[in-house]
Amino acid sequence: MRTLLFICGSLRAASSARGTQRALQAALAGACAFDEADIGVLPHYNADITDNPEVEAFKRQVAEADGVVFVTPEYNYGIPGVLKNAIDWASRPGYASVFKDKPAFVITVSGGALGGARAQFQLKYALSAMLARVFPYQEIVVPTANDKMKDGVLADEAIISFATTALTAFIAEL
Ligand SMILES: Cc1cc2nc3c(=O)[nH]c(=O)nc-3n(C[C@H](O)[C@H](O)[C@H](O)COP(=O)(O)O)c2cc1C
């Protein structure tokens, strides 16, 4: 069975990105195994830090995953700093990192009407900088995400169904 590593771009307890992740994991139960990264424990990127256990554990998670699924909100038209920090850590050594050739899938959420589309573009561009293999598919976004949560889980059947179809295709190619 393939393993998907989920990387959530929000740290807050009631995160709609995390709620979206939970709904997709429930929909995909049995189709693959899941791992989750805790990017909040990573230090600020500093090239002088060469032996941090959390960084090494995160890079190992990426290396061992068959595919990586990002579920992130948009902050100020871009990627949340905590997610960019994690990406920067895992991106070294440049062009030869754990993300090189790694299958990647991007989902964005937002409180607004665009569903984080701008952050999605930015994240895919950063992934291409690391030579990751971004899954080609229509953009999957969750607009007004907080209004679509029920008991901490995304409760929008149309979005869940669309995203599950896409993720099933992603898993089939791993
Ligand atoms: C610092 C910050 C910046 C934000 N910038 C944007 C933005 O540029 N576009 C947008 O649609 N929503 C923006 N939002 C609203 C978030 O999309 C919304 O708070 C969302 O629920 C955050 O994701 P979460 O529920 O997973 O924590 C911003 C929120 C914060 C805290």
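Guide: One term to start with: a residue is called buried when its relative accessible area is under 20%. Also, this is a predicted model.

Visitor: Fine. Which residues of helix α3 are buried?
Guide: In α3, residues 81-90, the buried ones are Leu83, Asn85, Ala86, Ile87, Trp89 and Ala90.

Visitor: And what do the buried residues of α3 pack against?
Guide: They pack against β1, α2 (53-64), β3 and α4 (117-129).

Visitor: Switching to the largest nonpolar core. Which residues touch the most other members?
Guide: Leu4, Val69, Val71, Phe105, Ile107, Leu167 and Phe170, out of 25 residues in that core. At least two residues each come from β1 (3-8), α1 (16-27), β3 (67-73), β4 (103-109), β6 (140-142) and α5.

Visitor: Which element gives the most to this core?
Guide: α5, with seven residues. There is also a second, separate core of 24 residues, and Ile79, Ala86, Ala90 and Met130 are among them.

Visitor: Back to Val71. What is it in contact with, leaving aside neighbours within four places in sequence?
Guide: Phe6, Ile7, Cys8, Gly9, Ala17, Thr20, Gln21, Ile107 and Val109.

Visitor: Now the ligand. Which residues come nearest?
Guide: Arg12, Ser15, Ser16, Asn76 and Asn146, of the 15 residues around the ligand.

Visitor: Which ligand atom is 2.6 Å from the side chain of Arg12?
Guide: An oxygen atom; the 2.6 Å runs to an N or O atom of the Arg12 side chain. The Asn146 side chain likewise has an N or O atom 2.7 Å from an oxygen atom of the ligand. With Glu74, a polar side-chain atom lies 2.9 Å from a ligand nitrogen atom.

Visitor: Ser15 was on that list. Where is it, and is it buried or exposed?
Guide: Ser15 sits in the loop between β1 and α1. Its relative accessible area is 3%, so Ser15 is buried. Not counting residues up to four places away in sequence, Ser15 touches Cys8 and Ser10.

Visitor: How many residues apart are Ser15 and Asn146 in sequence?
Guide: They are 131 residues apart in sequence, and 8.0 Å apart in space, C-alpha to C-alpha.

Visitor: Last one, Asp156. Where is it?
Guide: In the loop between β8 (153-154) and α5 (157-172).

Visitor: What is the nearest side chain of opposite charge to Asp156?
Guide: Lys148, 4.6 Å away. A polar atom of the Asp156 side chain does lie 3.0 Å from the backbone nitrogen of Ile159.

Methods
Residues numbered from 1 in each chain as written. Predicted model: local features only at pLDDT ≥ 70, side-chain atom pairs only at ≥ 80, totals over all residues. Heavy atoms only, no water. Helix = DSSP H or I, 4+ residues; strand = E, 2+ residues; numbered from the N terminus. Buried < 20%, exposed > 50% of the residue type's maximum accessible area, 1.4 Å probe, protein only. Lys, Arg positive; Asp, Glu negative; His and termini not counted. Salt bridge = Lys/Arg side-chain N within 4 Å of Asp/Glu carboxyl O. Polar contact = N/O pair within 3.5 Å; in protein donor to acceptor, adjacent residues only side chain to side chain. Core = buried A, V, L, I, M, F, W, Y, C linked by side-chain atoms within 4.5 Å. Contact = heavy atoms within 4.5 Å. Near = heavy atom within 4 Å.
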